[in-house]
Amino acid sequence: MKTIAIIYHSAHGHTAHIARQVLEGAQGVPGIRADLLQAEDLARTPDDLLRYDGLILGSPTYLGGVSGPFKTFMDATGRLWKTQQLKNKLAAGFTVSSLPAGDKQSTLLSMFVFGMQHGMVWVGNPILPEQHSGVPYDEAANRLGSWSGLMAQAGHGAAPDAFVPGDTKTARMFGRHFAETLQRLGGVAMTEQPGQQVAA
């Protein structure tokens with residue numbers, strides 16, 4: 001059984017809604033157990049991450065970056081960085097903003113750098129934008145055209161679950177892709193032996 005932690009912060013419920021869709025997609029893969037974890041809780045107990053083979057990071061985009069509570073969680077993993085205890089785990093990221101662009105790419109890049117500093121292996125978003133094959137824009141998977149991670153858009157002041165169908169579909173596909181990648185690559189955090197190289 002491979003395990004995935006979906007770690008998120010959500011101030012108004014939108015990012016939590018997308019996290020639940022990612023969870024649904026991941027749990028649809030046989031041999032996968034996925035858990036939803038709040039970043040605020042993990043900021044106090046970052047060692048909980050060691051139980052998981054893969055980490056999916058989720059934050060709203062605030063002023064071009066992750067939210068304050070999510071950054072607090074990231075900073076709390078410093079002692080794990082010193083000993084590289086997250087090395088070779090799979091990682092991925094998703095973000096939500098109220099505008100189609102909203103500088104969401106900056107948020108995903110900050111998650112990517114976080115993963116690279118911990119020695120993790122990043123899983124992107126290989127879903128082709130379906131509007132190119134004639135699917136209506138709001139129903140299209142990866143309609144926002146993000147390759148480095150999952151992007152979703154919720155209108156300003158909209159209800160927490162008020163996403164177009166394409167974004168919720170993309171989130172489920174993204175979760176499934178991550179879980180399938182974890183199954184294919186094994187997800188075992190390998191320990192380096194003196195003089196031995198470790199393949200990622």
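**Close-up views of a predicted model**

**View 1. Asp41 and its salt-bridge partner.** Asp41 is partly exposed, at a relative accessible area of 39%. Buried means under 20% relative accessible area, exposed over 50%, and partly exposed in between (1.4 Å probe, protein chains only). Asp41 forms a salt bridge with Arg44, and their closest N and O atoms are 2.8 Å apart. A salt bridge here is a side-chain nitrogen of Lys or Arg within 4 Å of a carboxyl oxygen of Asp or Glu. By this rule the count comes to eight salt bridges. Arg44 is exposed, at 61%.

This is a predicted model: local features need pLDDT of at least 70, side-chain atom pairs count only at pLDDT 80 or more, and totals for chains, interfaces and linings use all residues. Residues are numbered from 1 along each chain as its sequence is written, and side-chain values use heavy atoms, with hydrogens and water left out.

View 2. Glu180 pairs with Arg176 in a salt bridge, the closest N and O atoms being 2.9 Å apart. Both lie in helix H6 (residues 165-185), four residues apart, about one turn of the helix. Helices (H or I, at least four residues) and strands (E, at least two) are DSSP runs, numbered from the N terminus. Glu180 is partly exposed at 33% relative accessibility. Arg176 is partly exposed at 38%.

**View 3. Thr3 and Arg51.** Thr3 sits in strand E1 (residues 2-8). Thr3 is buried, with a relative accessible area of 8%. Leaving aside residues up to four places away in sequence, Thr3 touches Arg33, Arg51, Tyr52, Asp53, Gly54 and Leu182. Contact means heavy atoms within 4.5 Å. Arg51 also forms a salt bridge with Asp48, the closest N and O atoms being 3.5 Å apart. Arg51 is exposed at 52% relative accessibility, while Asp48 is partly exposed at 27%.

**View 4. The stretch 188-200.** The mean pLDDT of the protein is 92, and 93% of its residues reach 70 or more. Over residues 188-200 the pLDDT is below 50, and this stretch has 14 contacts in the model beyond near neighbours in sequence. pLDDT is the predictor's confidence in each residue, from 0 to 100. Where pLDDT is low, the predicted coordinates should not be read in detail.
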